[in-house]
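Please study the sequence and the model shown below, and then work through the exercises that follow.

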Amino acid sequence: MEANTRSTGRLPAAFLTPGSSSFMDFLSDQAPGMLPGNRQTPPMKGAIEAPHGTTIVAATFPGGVVLAGDRRATMGNMIAQRDIEKVFPADEYSAVGIAGTAGLAVEMVKLFQLELEHFEKVEGAQLSLEGKANRLSTMIRSNLAMAMQGLAVVPLFAGYDVDRERGRIFSYDVTGGRSEEHGYASTGSGSIFARGSMKKLYREDLTEEQALTLVVQALYDAADDDSATGGPDVARRIYPIVTVITDEGFRKLTETESSEIARSVLERRLEQPDGPRAALL
């Protein structure tokens with residue numbers, strides 16, 4: 001196939017007329033070795049020391065959904081990176097936050113972005129939000145062999161459903177099992193603490209500004225109890241990646257915007273180290 005391409009200077013017909021709207025199906029037919037799940041790994045004993053992303057949180061509000069992540073990547077008990085980005089746009093109306101093996105997770109996100117772009121170009125329309133969530137589920141399932149060797153990827157997917165006119169959140173397990181979360185969700189090593197924080201602070205009538213503050217509060221609480229989650233680093237000017245998705249599409253907060261929220265949370269924590277109090281009843 002390579003020789004024929006070089007001699008004619010043209011791509012093979014299969015590349016020009018894909019028979020499926022799925023880029024993954026096309027790739028599995030034409031170059032299956034390029035799919036992460038098809039790669040052969042040598043026999044291993046024990047867990048592999050590789051950088052891992054930690055905590056991702058999401059929360060809905062009447063106009064959309066907020067997705068955010070801390071900036072720390074760990075490798076065992078070491079900090080591998082202090083300013084890693086873990087939240088990425090999937091397309092105009094959705095985003096993915098990654099937790100798990102950082103290298104594989106970023107690769108999966110790039111493949112997911114191509115999958116959605118390929119579908120839109122072939123079909124002339126975007127997948128529904130439900131369809132996007134299902135496609136991501138298939139990708140995670142294809143990584144199961146890697147996950148069984150300690151290289152798991154467990155993302156959080158969020159987006160604005162243009163048909164239902166509201167924000168939605170989907171969580172996954174390592175087998176690709178998908179669950180829709182209502183109100184708020186978290187994944188990663190600090191997820192249990194972040195979820196507990198949001199459980200007490202979340203309300204269905206939050207404004208966009210309040211939802212943004214909520215996820216930063218949750219990440220702060222996660223960092224307070226989980227050493228693998230990084231809190232706002234004022235000295236290095238490293239703040240959480242915070243994104244919002246509404247009927248106007250995906251938007252990532254600027255560093256100035258995210259730092260203002262983080263600094264206001266930090267200032268209040270000087271007065272109340274454990275954070276805001278929820279009512280007993």
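Two rings of Phe, Tyr or Trp form an aromatic pair if their centres lie within 6.5 Å. In this predicted model, F112, F157 and F170 form one aromatic cluster.

**Exercise 1.** Determine how many aromatic pairs the structure holds, and classify the pair of F112 and F157.

*Solution.* 
Step 1. The structure holds three aromatic pairs.
Step 2. For F112 and F157, the centres are 5.8 Å apart and the planes stand at 80 degrees. Planes over 60 degrees apart count as edge-to-face, and the pair of F112 and F157 is accordingly edge-to-face.

**Exercise 2.** Explain why the pair of Y184 and Y202 is classed as tilted, and state whether each ring belongs to a buried or an exposed residue.

*Solution.* 
Step 1. The ring centres of Y184 and Y202 are 5.4 Å apart.
Step 2. Planes under 30 degrees apart count as stacked and those over 60 as edge-to-face, with the rest tilted. The planes of Y184 and Y202 are at 55 degrees, so this pair is tilted.
Step 3. Y184 lies in strand β12 (residues 184-187), whereas Y202 lies in the loop between α7 (191-201) and α8 (208-225). The two are 18 residues apart.
Step 4. Buried means under 20% relative accessible area. Y184 has 15%, so Y184 is buried; Y202 has 18%, so Y202 is buried as well.

**Exercise 3.** Describe the sheet that contains β12, and locate β2 within it.

*Solution.* 
Step 1. The open sheet has five strands in the order β12-β2-β3-β13-β14, with antiparallel pairing.
Step 2. β12 and β14 (249-252) are the edge strands, each pairing on one side only.
Step 3. On one side, β2 (residues 56-61) pairs with β3 (residues 64-69) over six bridges, and a hairpin of two residues joins these strands.
Step 4. A58 illustrates both pairings: A58 stands opposite L67 in β3, and its bridge partner in β12 is A185.
Step 5. I56, A58 and T60 point one way from β2, while V57, A59 and F61 point the other way; all are buried.
Step 6. Helix α7 lies across β2 and β12, running at about 165 degrees to β12.

Notes:
Residues numbered from 1 in each chain as written. Predicted model: local features only at pLDDT ≥ 70, side-chain atom pairs only at ≥ 80, totals over all residues. Heavy atoms only, no water. Phe/Tyr/Trp six-rings, centres within 6.5 Å; stacked < 30°, edge-to-face > 60°. Helix = DSSP H or I, 4+ residues; strand = E, 2+ residues; numbered from the N terminus. Buried < 20%, exposed > 50% of the residue type's maximum accessible area, 1.4 Å probe, protein only. Pairing = 2+ DSSP bridges. Contact = heavy atoms within 4.5 Å. Axes fitted to C-alpha atoms, helices over the stretch in contact; angles between N-to-C directions.
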